[in-house]
Amino acid sequence: MTYEIYHKTAFKYESIVTFSHNIARLKPKDTPFQRVMDFGMEITPMPYEQSEFDDMFGNHTTHLLIREAHESLSVIGSSRVDLDGDAMRLHVNNLRAQSTSYEASLGLLQQFDLNDLVAKPFMFDSALIPKASRGIVEYAKRSFAPQRNLVDAAQEFMNRIFQDFAFVAGFSDVTTPIEEIFEAKKGVCQDFAQFAIAALRSIGLPAKYMSGYIETIPAAGMPKLFGADASHAWFALYIPRLGWMEFDPTNNIIPEDQHILLGSGRDYNDVAPLKGVVLSSGQSELSIEVNVQKMV
(Lines give C-alpha, C1' and ligand atoms only; values in the text may rest on other atoms or scores of the structure.)
Protein backbone atom coordinates (compact mmCIF):
# COMPACT_ATOMS: atom_id res chain seq x y z
CA MET A 1 0.00 0.00 0.00
CA THR A 2 1.43 3.37 -1.04
CA TYR A 3 0.41 6.76 0.34
CA GLU A 4 1.23 10.35 -0.51
CA ILE A 5 1.32 12.72 2.46
CA TYR A 6 1.21 16.51 2.48
CA HIS A 7 1.79 18.21 5.84
CA LYS A 8 1.92 22.00 6.12
CA THR A 9 2.61 23.83 9.39
CA ALA A 10 2.38 27.61 9.27
CA PHE A 11 2.82 30.39 11.82
CA LYS A 12 1.61 33.96 11.44
CA TYR A 13 3.27 36.34 13.89
CA GLU A 14 1.84 39.48 15.46
CA SER A 15 5.22 41.22 15.22
CA ILE A 16 8.21 40.79 12.95
CA VAL A 17 10.45 37.85 13.86
CA THR A 18 14.11 38.68 13.38
CA PHE A 19 15.64 35.31 14.28
CA SER A 20 14.36 31.76 14.80
CA HIS A 21 15.58 28.23 15.49
CA ASN A 22 13.21 25.41 14.54
CA ILE A 23 13.20 21.62 14.69
CA ALA A 24 11.05 19.94 12.05
CA ARG A 25 10.06 16.26 12.07
CA LEU A 26 8.14 15.83 8.85
CA LYS A 27 9.95 12.96 7.15
CA PRO A 28 8.36 9.59 8.02
CA LYS A 29 10.47 6.83 9.53
CA ASP A 30 11.94 3.90 7.65
CA THR A 31 10.99 0.69 9.49
CA PRO A 32 10.78 -3.02 8.65
CA PHE A 33 7.14 -2.35 7.69
CA GLN A 34 7.43 1.07 6.05
CA ARG A 35 9.73 2.57 3.42
CA VAL A 36 10.01 6.24 2.46
CA MET A 37 10.08 6.35 -1.33
CA ASP A 38 10.34 10.12 -1.69
CA PHE A 39 10.47 13.17 0.55
CA GLY A 40 10.87 16.91 0.14
CA MET A 41 10.56 20.03 2.26
CA GLU A 42 9.54 23.54 1.27
CA ILE A 43 10.42 26.28 3.78
CA THR A 44 9.42 29.94 3.56
CA PRO A 45 11.38 32.09 4.23
CA MET A 46 14.48 30.22 3.12
CA PRO A 47 16.66 29.10 6.06
CA TYR A 48 20.10 30.59 6.58
CA GLU A 49 21.24 27.15 7.76
CA GLN A 50 19.61 23.75 7.40
CA SER A 51 20.91 20.41 8.69
CA GLU A 52 19.49 16.91 9.04
CA PHE A 53 20.08 14.17 11.58
CA ASP A 54 18.33 11.27 13.30
CA ASP A 55 17.53 11.91 16.95
CA MET A 56 18.01 9.43 19.82
CA PHE A 57 14.71 7.73 18.93
CA GLY A 58 15.58 7.35 15.26
CA ASN A 59 13.25 10.12 14.08
CA HIS A 60 14.31 12.04 10.98
CA THR A 61 14.93 15.60 12.16
CA THR A 62 15.73 18.86 10.37
CA HIS A 63 17.22 21.88 12.13
CA LEU A 64 16.28 25.24 10.58
CA LEU A 65 18.00 28.54 11.37
CA ILE A 66 16.25 31.59 9.90
CA ARG A 67 17.93 34.99 10.12
CA GLU A 68 15.75 36.85 7.64
CA ALA A 69 13.11 39.10 9.22
CA HIS A 70 9.68 37.56 8.64
CA GLU A 71 6.05 37.85 9.68
CA SER A 72 5.13 34.26 8.86
CA LEU A 73 6.76 30.83 8.62
CA SER A 74 5.62 27.96 6.43
CA VAL A 75 7.12 24.46 6.50
CA ILE A 76 5.71 21.85 4.11
CA GLY A 77 6.69 18.20 4.08
CA SER A 78 5.69 16.05 1.10
CA SER A 79 6.21 12.29 1.29
CA ARG A 80 5.50 9.10 -0.59
CA VAL A 81 5.51 6.05 1.67
CA ASP A 82 5.12 2.34 0.94
CA LEU A 83 3.62 0.13 3.68
CA ASP A 84 4.13 -3.64 3.85
CA GLY A 85 0.88 -4.77 5.44
CA ASP A 86 1.69 -8.46 4.99
CA ALA A 87 4.92 -8.10 6.97
CA MET A 88 3.10 -6.19 9.73
CA ARG A 89 0.35 -8.81 9.95
CA LEU A 90 2.95 -11.58 10.18
CA HIS A 91 4.74 -9.64 12.93
CA VAL A 92 1.50 -9.17 14.88
CA ASN A 93 0.57 -12.85 14.53
CA ASN A 94 4.00 -13.91 15.79
CA LEU A 95 3.72 -11.62 18.82
CA ARG A 96 0.25 -12.92 19.57
CA ALA A 97 1.37 -16.55 19.30
CA GLN A 98 4.56 -16.20 21.37
CA SER A 99 3.53 -13.67 24.00
CA THR A 100 3.57 -14.85 27.61
CA SER A 101 1.46 -13.72 30.57
CA TYR A 102 1.50 -10.27 32.14
CA GLU A 103 3.12 -11.62 35.31
CA ALA A 104 5.77 -13.54 33.37
CA SER A 105 6.44 -10.45 31.24
CA LEU A 106 7.17 -8.39 34.36
CA GLY A 107 9.63 -11.08 35.43
CA LEU A 108 11.40 -11.01 32.06
CA LEU A 109 11.71 -7.22 32.22
CA GLN A 110 13.52 -7.51 35.55
CA GLN A 111 16.23 -9.65 33.92
CA PHE A 112 19.04 -8.47 31.67
CA ASP A 113 18.52 -9.19 27.99
CA LEU A 114 20.26 -7.28 25.22
CA ASN A 115 17.13 -7.25 23.05
CA ASP A 116 15.07 -5.65 25.81
CA LEU A 117 17.43 -2.70 26.39
CA VAL A 118 15.78 -0.68 23.63
CA ALA A 119 12.55 -0.69 25.63
CA LYS A 120 13.96 0.48 28.97
CA PRO A 121 13.69 4.28 28.32
CA PHE A 122 9.96 3.82 27.76
CA MET A 123 9.26 2.46 31.25
CA PHE A 124 9.70 5.78 33.05
CA ASP A 125 7.86 9.06 33.48
CA SER A 126 8.30 11.76 30.84
CA ALA A 127 7.47 15.46 30.60
CA LEU A 128 3.89 14.99 29.38
CA ILE A 129 3.29 11.54 30.88
CA PRO A 130 3.95 11.51 34.63
CA LYS A 131 3.30 8.57 36.93
CA ALA A 132 -0.38 7.68 36.87
CA SER A 133 -2.71 7.86 39.84
CA ARG A 134 -3.99 4.88 41.78
CA GLY A 135 -7.31 5.18 39.94
CA ILE A 136 -5.64 4.85 36.54
CA VAL A 137 -3.55 1.90 37.74
CA GLU A 138 -6.71 0.15 38.93
CA TYR A 139 -8.41 0.90 35.62
CA ALA A 140 -5.53 -0.73 33.70
CA LYS A 141 -5.27 -3.75 35.97
CA ARG A 142 -8.87 -4.69 35.22
CA SER A 143 -7.44 -5.94 31.90
CA PHE A 144 -3.99 -7.07 33.05
CA ALA A 145 -4.69 -10.03 35.31
CA PRO A 146 -1.43 -11.78 36.34
CA GLN A 147 -1.91 -14.97 34.29
CA ARG A 148 -3.50 -13.34 31.27
CA ASN A 149 -1.68 -13.29 27.94
CA LEU A 150 -0.05 -9.86 27.55
CA VAL A 151 -1.27 -9.24 23.99
CA ASP A 152 -4.83 -10.28 24.83
CA ALA A 153 -4.80 -7.99 27.87
CA ALA A 154 -3.48 -5.04 25.85
CA GLN A 155 -6.11 -5.53 23.16
CA GLU A 156 -8.90 -5.58 25.74
CA PHE A 157 -7.39 -2.48 27.38
CA MET A 158 -7.44 -0.70 24.00
CA ASN A 159 -11.06 -1.74 23.48
CA ARG A 160 -12.08 -0.41 26.89
CA ILE A 161 -10.55 3.00 26.16
CA PHE A 162 -12.44 3.05 22.87
CA GLN A 163 -15.71 2.19 24.64
CA ASP A 164 -15.28 4.36 27.75
CA PHE A 165 -13.80 7.56 26.30
CA ALA A 166 -15.56 9.96 23.92
CA PHE A 167 -13.75 11.63 21.02
CA VAL A 168 -14.31 15.35 21.63
CA ALA A 169 -12.20 17.85 19.68
CA GLY A 170 -11.35 21.12 21.41
CA PHE A 171 -11.64 19.81 24.96
CA SER A 172 -7.89 19.41 25.42
CA ASP A 173 -4.43 19.84 23.99
CA VAL A 174 -1.28 17.71 24.29
CA THR A 175 -0.42 19.35 27.63
CA THR A 176 -3.77 18.53 29.29
CA PRO A 177 -2.98 16.37 32.36
CA ILE A 178 -3.65 12.66 32.05
CA GLU A 179 -5.74 12.74 35.24
CA GLU A 180 -8.05 15.34 33.67
CA ILE A 181 -8.53 13.16 30.58
CA PHE A 182 -9.29 10.15 32.80
CA GLU A 183 -11.78 12.06 34.93
CA ALA A 184 -13.62 13.57 31.95
CA LYS A 185 -13.39 10.38 29.84
CA LYS A 186 -12.99 12.46 26.68
CA GLY A 187 -10.33 13.92 24.42
CA VAL A 188 -8.68 13.20 21.08
CA CYS A 189 -6.19 10.65 19.75
CA GLN A 190 -3.15 12.25 21.44
CA ASP A 191 -4.94 12.15 24.79
CA PHE A 192 -5.97 8.51 24.44
CA ALA A 193 -2.44 7.50 23.44
CA GLN A 194 -0.81 9.38 26.32
CA PHE A 195 -3.39 8.09 28.80
CA ALA A 196 -2.77 4.49 27.70
CA ILE A 197 1.00 4.96 27.95
CA ALA A 198 0.72 6.43 31.46
CA ALA A 199 -1.36 3.47 32.59
CA LEU A 200 0.92 0.86 31.01
CA ARG A 201 4.12 2.37 32.41
CA SER A 202 2.54 2.58 35.84
CA ILE A 203 1.92 -1.17 35.87
CA GLY A 204 5.52 -1.89 34.86
CA LEU A 205 5.29 -2.15 31.06
CA PRO A 206 7.31 -0.21 28.43
CA ALA A 207 5.09 1.85 26.13
CA LYS A 208 5.87 4.54 23.58
CA TYR A 209 4.03 7.31 21.77
CA MET A 210 3.48 6.79 18.04
CA SER A 211 2.80 9.78 15.81
CA GLY A 212 1.84 9.84 12.16
CA TYR A 213 -1.14 9.68 9.87
CA ILE A 214 -4.16 7.60 9.00
CA GLU A 215 -6.24 8.14 5.91
CA THR A 216 -9.65 9.73 6.53
CA ILE A 217 -12.38 8.07 4.48
CA PRO A 218 -15.21 10.49 3.54
CA ALA A 219 -18.85 9.57 3.98
CA ALA A 220 -20.48 7.65 1.14
CA GLY A 221 -21.13 9.88 -1.84
CA MET A 222 -19.05 12.75 -0.45
CA PRO A 223 -15.77 13.94 -2.01
CA LYS A 224 -12.60 13.99 0.04
CA LEU A 225 -11.45 17.55 0.73
CA PHE A 226 -7.74 18.28 0.43
CA GLY A 227 -6.37 19.10 3.85
CA ALA A 228 -9.20 17.37 5.74
CA ASP A 229 -6.91 14.80 7.32
CA ALA A 230 -4.97 15.40 10.52
CA SER A 231 -2.02 14.01 12.37
CA HIS A 232 -2.82 10.87 14.31
CA ALA A 233 -1.44 9.25 17.46
CA TRP A 234 -1.48 5.75 18.91
CA PHE A 235 0.75 3.70 21.22
CA ALA A 236 3.07 0.72 21.11
CA LEU A 237 3.59 -1.84 23.88
CA TYR A 238 6.84 -3.76 24.22
CA ILE A 239 6.41 -7.54 24.38
CA PRO A 240 9.52 -8.83 26.23
CA ARG A 241 12.05 -10.67 24.06
CA LEU A 242 9.78 -10.26 21.00
CA GLY A 243 9.35 -6.59 20.05
CA TRP A 244 6.84 -3.76 19.82
CA MET A 245 3.14 -4.18 19.07
CA GLU A 246 1.02 -1.18 18.11
CA PHE A 247 -2.51 -0.34 19.26
CA ASP A 248 -4.86 2.45 18.14
CA PRO A 249 -7.42 3.13 20.92
CA THR A 250 -9.10 5.94 18.98
CA ASN A 251 -10.26 3.47 16.33
CA ASN A 252 -9.99 0.23 18.33
CA ILE A 253 -7.71 -1.41 15.77
CA ILE A 254 -4.23 -2.88 15.58
CA PRO A 255 -2.33 -0.94 12.88
CA GLU A 256 -1.45 -2.93 9.78
CA ASP A 257 -1.47 -1.10 6.46
CA GLN A 258 -3.37 2.11 7.20
CA HIS A 259 -1.10 3.88 9.75
CA ILE A 260 1.87 5.85 8.41
CA LEU A 261 4.46 6.35 11.15
CA LEU A 262 6.07 9.78 11.29
CA GLY A 263 8.01 9.30 14.52
CA SER A 264 7.95 7.77 17.97
CA GLY A 265 9.16 8.76 21.42
CA ARG A 266 8.37 9.02 25.11
CA ASP A 267 5.48 11.45 24.51
CA TYR A 268 4.33 14.11 22.04
CA ASN A 269 7.26 16.39 22.86
CA ASP A 270 9.66 13.92 21.22
CA VAL A 271 7.76 13.87 17.92
CA ALA A 272 6.24 17.34 17.51
CA PRO A 273 6.22 18.08 13.73
CA LEU A 274 7.57 21.61 14.25
CA LYS A 275 8.75 23.48 17.31
CA GLY A 276 11.26 26.22 17.94
CA VAL A 277 12.30 29.51 19.49
CA VAL A 278 11.77 32.93 17.94
CA LEU A 279 13.06 36.42 18.72
CA SER A 280 9.96 38.60 18.63
CA SER A 281 7.07 39.92 20.70
CA GLY A 282 3.32 39.37 20.72
CA GLN A 283 1.26 36.31 19.88
CA SER A 284 1.40 33.86 17.01
CA GLU A 285 -1.30 32.04 15.07
CA LEU A 286 -0.77 28.38 14.13
CA SER A 287 -2.43 26.58 11.22
CA ILE A 288 -1.95 22.96 10.13
CA GLU A 289 -3.00 21.33 6.89
CA VAL A 290 -2.63 17.60 6.32
CA ASN A 291 -3.63 15.41 3.41
CA VAL A 292 -3.18 11.63 3.15
CA GLN A 293 -3.94 10.08 -0.22
CA LYS A 294 -3.83 6.40 -1.09
CA MET A 295 -2.24 5.83 -4.49
CA VAL A 296 -4.17 3.57 -6.86
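Hi everyone. The model is predicted, so local features need pLDDT of at least 70 and side-chain atom pairs count only at pLDDT 80 or more, while totals for chains, interfaces and linings use all residues. Residues are numbered from 1 along each chain as its sequence is written, and side-chain values use heavy atoms, with hydrogens and water left out.

Let's start with the strands. Helices (H or I, at least four residues) and strands (E, at least two) are DSSP runs, numbered from the N terminus. Two strands pair if DSSP finds at least two bridges between them.

There is an open sheet of 4 strands in the order 4-5-2-13, with antiparallel pairing. Which strands stand at its edges? They are strand 4 (49–54) and strand 13 (274–279); each has a single partner strand, so one side of each is left without a neighbour in the sheet. Within this sheet, strand 2 (residues 19–24) is joined to strand 13 by 6 bridges, and asparagine 22 has glycine 276 of strand 13 as its bridge partner.

Next, strand 1. An antiparallel pairing with strand 6 (residues 70–83) runs over 12 bridges, and here valine 17 stands opposite histidine 70. Strand 1 also pairs with strand 14, again antiparallel, through 11 bridges. In that pairing lysine 12 faces glutamate 285.

Now, the pockets. A 1 Å grid is laid over the protein atoms alone; a pocket is an open set of points where a 1.4 Å probe fits, with protein on both sides within 12 Å along at least five of seven lines, and lining residues have an atom within 4 Å of a point. Grid points are joined across faces, edges and corners, and a volume is the space filled by probe spheres set on the points.

The largest pocket has a volume of about 870 Å³. Its lining has 42 residues, with Val174, Tyr268, Pro273, Leu286 and Ile288 nearest the centre. Strand 1 comes back here: it gives the largest share of that lining, 6 residues. Other contributors of at least two residues include helix 6 (189–202), strand 13 and strand 14 (284–294). By class, 19 lining residues are nonpolar, 18 polar and 5 charged; Ala, Val, Leu, Ile, Met, Phe, Trp, Tyr, Cys and Pro count as nonpolar, Asp, Glu, Lys and Arg as charged, and the others, Gly among them, as polar.

The second largest pocket holds about 540 Å³ of space. Closest to its centre, among 26 lining residues, are Thr31, Lys208, Met210, Trp244 and Leu261. Strand 12 supplies the largest share of this lining, 4 residues.
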